[in-house]
Amino acid sequence: MFTPAELLEINTLLVPENKIVILTHYNPDGDAIGSSLGLKHYLKAKGLEAEVVVPNDFPKFLKWMPEAKKNIIGEYKRKVAFDIINEADVIFCLDFNSPARIGLLGDWLMRAKAKKILIDHHQQPEDFDFVYSDTIIPATCQMVYHFIEAMGDEKLVNKDIAECLYTGIMTDTGGFRFRSTSAATHRIVANLIEKGADPSVITSNTWDTNTVSRMHLLALILGRIEVVNDGKVAVLYLTRKELQEYGFQKGDTEGFVNYGLSIVGVRMAAFFMEDLYEDFIKISFRSKDDVDVNQFSRKYFSGGGHINAAGGKSMESLPDTIETFKNRIAEENL
């Protein structure tokens, strides 16, 4: 958590005359959107206005959250996004550890005159004016709740804040089943429910929103999961042609990699997908126990994340990327 002195200084920045902006990472997920909107609604409860700016569009299944559709999407409104960041007095940076993680917004962030406040749970955070970094906490939404507590404002948590923070915690813990989910996490979730978050409604809004294209793509990859390395590693993939054929929409492949990890005996799963528009391969890694996919992705696939959940990319073709992956896991004896 921020030190008491830092909290006092941050509090002096949170005044109506200051322009406050909230940024999150490229390809925003539930924790990114939930933490950003949860913080926005907290600031609103304090009588402050804040703008949420995201680098690119986010899945429809996250747009039910209060004021989600008011987010400024950088790839669609570059001039608006630039002006907002450039004119900001305070910028909260949520759920990313480096300006490189926010795409085209990164350069604008580094040049901005604003005080920059990082709240994030990824490893190896870069320098910001204020840094609250904790890799043990499973979701940035939980960290935002801790921040609200530290500011002495837990009483301000309302239904809008609770719904957003619950969503991010739920999604980033895999429905509260990842090992990073702690007793503290469950206590916070209980508080959020008491403040108005309805687990059944949030779960339905977020996860019971399958499209026909998602079901077709899921059926396709489930029919050809490959298990390698003595049954310890699962490999899944989708080609650009398949994405086009089944009418892929943003968010359709969310969680696909977890199906590989659910196989008995599998300790690591990798999902490879050709980008729909550019010539690179997007990779999602998941693992169990002490299999560190963060370090593996950093070492071989220009990525990173958490010990048990990370992402990466490859500029090779899809077949070559998968072959490289198989060679690397053999070398590492994963």
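Colleague: Which residue forms a salt bridge with Arg240?
Modeller: Asp279, with the closest N and O atoms 3.4 Å apart; the rule is a side-chain nitrogen of Lys or Arg within 4 Å of a carboxyl oxygen of Asp or Glu. This is a predicted model, where local features need pLDDT of at least 70 and side-chain atom pairs count only at pLDDT 80 or more, while totals for chains, interfaces and linings use all residues. Residues are numbered from 1 along each chain as its sequence is written, and side-chain values use heavy atoms, without hydrogens or water.

Colleague: Where do Arg240 and Asp279 lie?
Modeller: Arg240 is in helix 10 (residues 240–245) and Asp279 is in the loop between strand 9 (268–274) and strand 10 (281–287), so the pair ties together parts 39 residues apart in sequence. Helices (H or I, at least four residues) and strands (E, at least two) are DSSP runs numbered from the N terminus.

Colleague: Is Asp279 buried or exposed?
Modeller: Exposed, at a relative accessible area of 63%; buried is under 20%, exposed over 50%, partly exposed in between (1.4 Å probe, protein chains only).

Colleague: How many salt bridges are there by this rule?
Modeller: 14. One of them joins Glu226 and Lys326, at 3.0 Å between the closest N and O atoms. Glu226 sits in strand 7 (residues 226–228) and Lys326 in helix 13 (residues 318–332), 100 residues apart.

Colleague: Changing topic, what touches Leu39, leaving aside neighbours within four places in sequence?
Modeller: Ile22, Phe92, Leu94, Val144 and Phe147 are in contact with Leu39, meaning heavy atoms within 4.5 Å.
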